[in-house]
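Biologist: Please take a close look at the aromatic rings in this predicted model. Which rings pair up, and how are they placed?

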Amino acid sequence: MRRGSCLCGAVTFAVAGEMRPVVACHCTQCRKATGNYVAATSAPRDAIAIDGSVTWFQSSPKARRGFCPTCGSNLFWDGPGANLSIMAGVLDQPTGLSMEGHIYCAQKGDWYEIADGTPQAPGADADMTTQVNT
C-alpha cells in the first residue's frame, strides 16, 4: 500500500497494488499547469482510494487534472485508459519507484537538459505511459 497527500493534507489517497514507473512529461500543458515538467506514475483507478475533495479542471477534450482546492497541489491527471496518473511528488516516501523515461520532449522547456540517460520520446509513448508493472 502506498499513500500520498497534497501539501496541506486536505486530500489524501492510498494505492493498493503495483504502480507504473515514473514518467516525466514535458508537454506545454504540464509545464503551464505546474511551472515545470511533470513526473507521474499511475495505477488502475479501482486501486486508488481518495479521501477529501479534489477539484477537477478539464485541461483538454480528453483529459482533466485533479488538484487540492485548498493548497492547489497538483495530484492527478485523468485521461483515457484504465489508469489514473498520480504526481510522483505527492507520494509519501519511500516510493520504491524509479524514472522510466520522458515524453513530449519536443515541447520541453528551453532552460534545462534531460540528462538522466532514460529513453526520450518526442511525443506520446504508449509503452511508457500505459503499463503497470506487476
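Modeller: A pair of aromatic rings is described by the distance of the centres and the angle of the planes. A search of the whole structure finds four such pairs. Take Y37 and Y112. Now place the two residues. Y37 sits in the loop between α1 (28-34) and β4 (38-44). Y112 sits in the loop between β10 (99-103) and α2 (126-129). The pair therefore ties together parts that are 75 residues apart in sequence.

How exposed are the partners? Y37 has 33% relative accessibility, so it counts as partly exposed. Y112 has 11%, so it counts as buried.

Y112 also pairs with W111. Here the centres are 5.2 Å apart and the planes meet at 65°, so this pair is edge-to-face. Y112 has a charged neighbour too. The charged end of K108 sits over the Y112 ring, 4.5 Å from its centre.

Elsewhere, F13, W56 and F76 form one aromatic cluster. W56 has a charge over its ring as well: R64 lies over the face of W56, at 3.8 Å from the ring centre.

Key. Residues are numbered from 1 along each chain as its sequence is written. This is a predicted model: local features need pLDDT of at least 70, side-chain atom pairs count only at pLDDT 80 or more; totals for chains, interfaces and linings use all residues. Side-chain values use heavy atoms; hydrogens and water are left out. Rings of Phe, Tyr and Trp (its six-membered ring) pair if their centres lie within 6.5 Å; planes under 30 degrees apart count as stacked, over 60 as edge-to-face and the rest as tilted. Helices (H or I, at least four residues) and strands (E, at least two) are DSSP runs, numbered from the N terminus. Buried means under 20% relative accessible area, exposed over 50%, partly exposed in between (1.4 Å probe, protein chains only). A charge sits over a ring if NZ of Lys or CZ of Arg is within 6 Å of the ring centre and within 35 degrees of the ring normal.
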